[in-house]
Amino acid sequence: MTPETATRASRTRQVMRFYALVDAGDAPAMAALFAPDAVYRRPGYGPRIGPAGLLHFYTKERTIREGGHVIERVVESGADVAVFGEFHGVLHDGSPVDLEFADYFGFGHDGLFTRRDTYFFAPLA
């Protein structure tokens with residue numbers, strides 16, 4: 001395995017670990033995957049900065065109570081990873097939620113996420 005192949009495999013493992021931790025409800029371990037100045041952007045919310053911002057979002061603001069991600073495709077280019085998939089779960093009010101999503105992850109030299117942008121495939125108008 002070449003060094004570049006090993007690095008790419010490591011990035012994919014880090015992304016898959018992220019989703020496993022979110023689905024398990026382990027917000028502190030998930031937030032620890034992000035650099036101190038990382039930015040998370042999600043439709044309908046202002047940017048969340050660093051592990052503390054992500055931890056606050058996942059424990060206080062996220063409208064989803066529980067659920068699971070189904071990853072359909074992972075695309076890598078340099079230090080960037082894009083993920084396409086579906087999410088199936090339940091909102092805090094008990095309503096089901098089923099949606100398609102795409103995520104972008106940026107990585108720092110230390111292997112931590114420096115950025116995450118989430119996009120949902122939903123009608124807006």
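## The largest cavity

Arg42, Tyr58, Arg62, Ile64, His69, Phe87, Leu99, Phe101, Asp103, Arg116, Thr118 and Phe120 line the largest cavity. On a 1 Å grid over the protein atoms alone, a cavity is a set of points where a 1.4 Å probe fits but cannot get out, and lining residues have an atom within 4 Å of a point. The model is predicted, so local features need pLDDT of at least 70 and side-chain atom pairs count only at pLDDT 80 or more, while totals for chains, interfaces and linings use all residues. Residues are numbered from 1 along each chain as its sequence is written, and side-chain values use heavy atoms, with hydrogens and water left out.

The largest cavity holds about 80 Å³ of space, a volume being the space filled by probe spheres set on grid points that are joined across faces, edges and corners. The structure has one cavity of 30 Å³ or more. Strand 3 (64-77), strand 5 (96-107) and strand 6 (113-121) each supply at least two residues of the cavity lining. Helices (H or I, at least four residues) and strands (E, at least two) are DSSP runs, numbered from the N terminus. By class, the cavity lining has six nonpolar, two polar and four charged residues. Here Ala, Val, Leu, Ile, Met, Phe, Trp, Tyr, Cys and Pro count as nonpolar, Asp, Glu, Lys and Arg as charged, and the others, Gly among them, as polar.

## The largest pocket

Next comes an open space. A pocket is an open set of grid points with protein on both sides within 12 Å along at least five of seven lines. About 220 Å³ of space lies in the largest pocket. Its lining has 18 residues, and those closest to the centre are Val22, Gly25, Tyr58, Arg62 and Arg65.

Helix 1 (3-24), helix 2 (27-31), helix 3 (50-61) and strand 3 each give at least two residues to the pocket lining. That lining divides into seven nonpolar, four polar and seven charged residues. Tyr58 and Arg62, which are among the residues closest to the pocket centre, also line the largest cavity.

## Aromatic pairs

There are twelve aromatic pairs in the structure. Rings of Phe, Tyr and Trp (its six-membered ring) pair if their centres lie within 6.5 Å; planes under 30 degrees apart count as stacked, over 60 as edge-to-face and the rest as tilted. Phe18 and Phe105 make an edge-to-face pair, with 5.4 Å from centre to centre and 70° between the planes. Phe18 belongs to helix 1 and Phe105 to strand 5, so their pair ties together parts that are 87 residues apart in sequence. Phe18 is buried at a relative accessible area of 0%, and Phe105 is buried at 0%; buried means under 20% relative accessible area, exposed over 50%, and partly exposed in between (1.4 Å probe, protein chains only).

The rings of Tyr19 and Phe101 have centres 5.9 Å apart and planes at 45°, so this pair is tilted. Tyr19 in helix 1 and Phe101 in strand 5 are 82 residues apart, and their pair links distant parts of the chain. Tyr19 is buried at 3% relative accessibility, and Phe101 is buried at 3%. Ring pairs join Phe18, Tyr19, Phe34, Phe101, Phe105, Phe107 and Phe113 into a cluster.

## Charges over rings

Some rings have a charged partner. A charge sits over a ring if NZ of Lys or CZ of Arg is within 6 Å of the ring centre and within 35 degrees of the ring normal. Arg73 lies over the face of Phe84, at 4.5 Å from the ring centre. Arg11 lies over the face of Phe107, at 6.0 Å from the ring centre.

## The nonpolar core

In soluble globular proteins, nonpolar side chains tend to be buried together. A nonpolar core is a set of buried Ala, Val, Leu, Ile, Met, Phe, Trp, Tyr and Cys residues joined through side-chain atoms within 4.5 Å. The largest such core here has 26 residues, and Val15, Phe18, Met30, Phe34, Tyr58, Phe105 and Phe113 have the most contacts inside it. Helix 1, helix 2, strand 1 (34-41), helix 3, strand 4 (80-91) and strand 5 each supply at least two residues of this core. Helix 1 gives the most, with five residues.

## Residues with exposed surface

Asp37 is found in strand 1 and is exposed, at 58% relative accessibility. Asp37 and Phe101 are 64 residues apart in sequence and 24 Å apart in space, C-alpha to C-alpha. Glu66, in strand 3, is partly exposed at 45% relative accessibility.
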